[in-house]
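Trainee: Could we go through this one together before I set anything up? I'd like to start with the strands and then move on to the pockets.

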Amino acid sequence: MKKKHLLDLTVKGVERINEKYILIRLTDSAPLPDMEPGQFVELRIDGSKTTFLRRPISIHYVDYEKNEFWLLIALVGDGTKSLATLREGDTMNILLPLGNGFTVSPDCNKGGEDPYSVLLVGGGVGVAPLLYAGDVIRRNGGKPVFLLGARSRKDLLELDRFRAIGEVYVTTEDGSEGEKGFVTDHSIWDRQTFCQISVCGPKPMMLAVARLAREKNTYCEVSLENKMACGLGACLCCVEDTKEGNVCVCKDGPVFSIDKLKW
């Protein structure tokens, strides 16, 4: 079992991405624990009188040289909205790292000279774990390719940061940026092949990508976003019925191969 840490971490900065999202950078006086792409944290929210449970948040990025990691947070309720009031130097109590992450070194190069390509598909706040995943894939000798979907241009997040790591392709439902439509409508599916597809976002989007991956006979894994409370597999509120029986998404996931899901 991977070691978990309960830490009081220091806020290094809070960046307002847009009216709906913030990015929090956190650090510690001691070296940060090892974190895998696709894992998450459970953070205690102290500034909200209506929030009693910890909130699960994907690990967005880790910079071990600066000893900091990032959380990309959607401001959707009293709890998360209160996080926008945090300032540099404040303290956050966080349980980390939790769950199992993405595969970042797939055995699919087949001895070729070209780096293996992984398609990372995200929508909404589901893009959060893909930035770190792409960075680790690149550091491991792979080629990350991002396919990011949103309703419109104003809903797209951190394109420059994704472009600094790999190729970026975009779809918007209104056609205001990239190709018009959903991520499964993008022309990249006909132009390139990938050794792996990793997905995070709304369930209908993940289901559509999973169907497309099966059609193309490409290994695909998805990060489920079931409601979570404890993050440890004790409260059983995130149970998913899989081909192997009921599992706790927080402990046995959140990343699963689609071959194990009843999709």
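This is a predicted model: local features need pLDDT of at least 70, side-chain atom pairs count only at pLDDT 80 or more; totals for chains, interfaces and linings use all residues.

Trainee: OK, and which strand order does the open sheet have?

Mentor: The open sheet has 7 strands with antiparallel pairing, and their order is E4-E3-E7-E1-E2-E6-E5. Strand E4 (55–58) and strand E5 (61–63) stand at the edges, and because each has a single partner strand, one side of each is left without a neighbour in the sheet. On average, neighbouring strands of this sheet are turned by 35° against each other, with direction ignored.

Trainee: Back to E3 then. Which bridge partner does Phe-40 have in E4?

Mentor: In E4 the bridge partner of Phe-40 is Ser-58, and E3 and E4 pair over 4 bridges in the antiparallel sense. Phe-40 also has a bridge partner in E7, namely Leu-98.

Trainee: And the E3 side chains, are they buried or exposed?

Mentor: They are buried: Phe-40 and Glu-42 point one way from strand E3 (residues 40–43), while Val-41 and Leu-43 point the other way, and all are buried.

Trainee: How many bridges join E2 to E6?

Mentor: Strand E2 (residues 21–27) and strand E6 (residues 68–74) run antiparallel and are joined by 7 bridges, and within this pair of strands Thr-27 stands opposite Glu-68 in E6.

Trainee: Which strands does H2 lie across?

Mentor: Helix H2 (residues 128–139) lies across E4, E5 and E6, and its direction is at about 50° to E5.

Trainee: Switching to pockets, what volume does the largest pocket have?

Mentor: The largest pocket has a volume of about 940 Å³. It is lined by 37 residues, of which Pro-56, Ile-57, Ala-74, Val-125 and Glu-225 are the closest to its centre. The elements that give two or more residues to this lining are E4, E6, helix H1 (78–82) and H2, and E4 gives the most, with 4 residues.

Trainee: How many of those lining residues are charged?

Mentor: The lining of the largest pocket has 6 charged residues, alongside 17 nonpolar and 14 polar ones.

Trainee: And what about the second largest pocket, what volume does that have?

Mentor: The second largest pocket has a volume of about 500 Å³, and of the 19 residues that line it, Gly-124, Ala-150, Arg-151, Glu-173 and Pro-202 are the closest to its centre. Strand E9 (143–150) and H5 are the elements that give two or more residues to that lining, and the largest share, 3 residues, comes from H5. By residue class, the lining of the second largest pocket divides into 8 nonpolar, 6 polar and 5 charged.

Trainee: Since H5 came up, where is Val-209, and why does it count as buried?

Mentor: Val-209 is in helix H5 (residues 203–215). Val-209 has a relative accessible area of 0%, and it therefore counts as buried, as that term means under 20%.

Trainee: Which residues does Val-209 touch?

Mentor: Leaving out residues up to four places away in sequence, Val-209 touches Val-121, Val-183, Thr-184, Trp-189, Ile-197 and Val-199. Val-209 and Val-199 are 10 residues apart in sequence, and their C-alpha atoms are 7.8 Å apart in space.

Notes: Residues are numbered from 1 along each chain as its sequence is written. Side-chain values use heavy atoms; hydrogens and water are left out. Two strands pair if DSSP finds at least two bridges between them. Axes are lines fitted to C-alpha atoms, for helices over the stretch in contact, and angles run from 0 to 180 degrees between N-to-C directions. Contact means heavy atoms within 4.5 Å. Buried means under 20% relative accessible area, exposed over 50%, partly exposed in between (1.4 Å probe, protein chains only). On a 1 Å grid over the protein atoms alone, a cavity is a set of points where a 1.4 Å probe fits but cannot get out, and a pocket is an open set with protein on both sides within 12 Å along at least five of seven lines; lining residues have an atom within 4 Å of a point. Grid points are joined across faces, edges and corners, and a volume is the space filled by probe spheres set on the points. Ala, Val, Leu, Ile, Met, Phe, Trp, Tyr, Cys and Pro count as nonpolar, Asp, Glu, Lys and Arg as charged, and the others, Gly among them, as polar.
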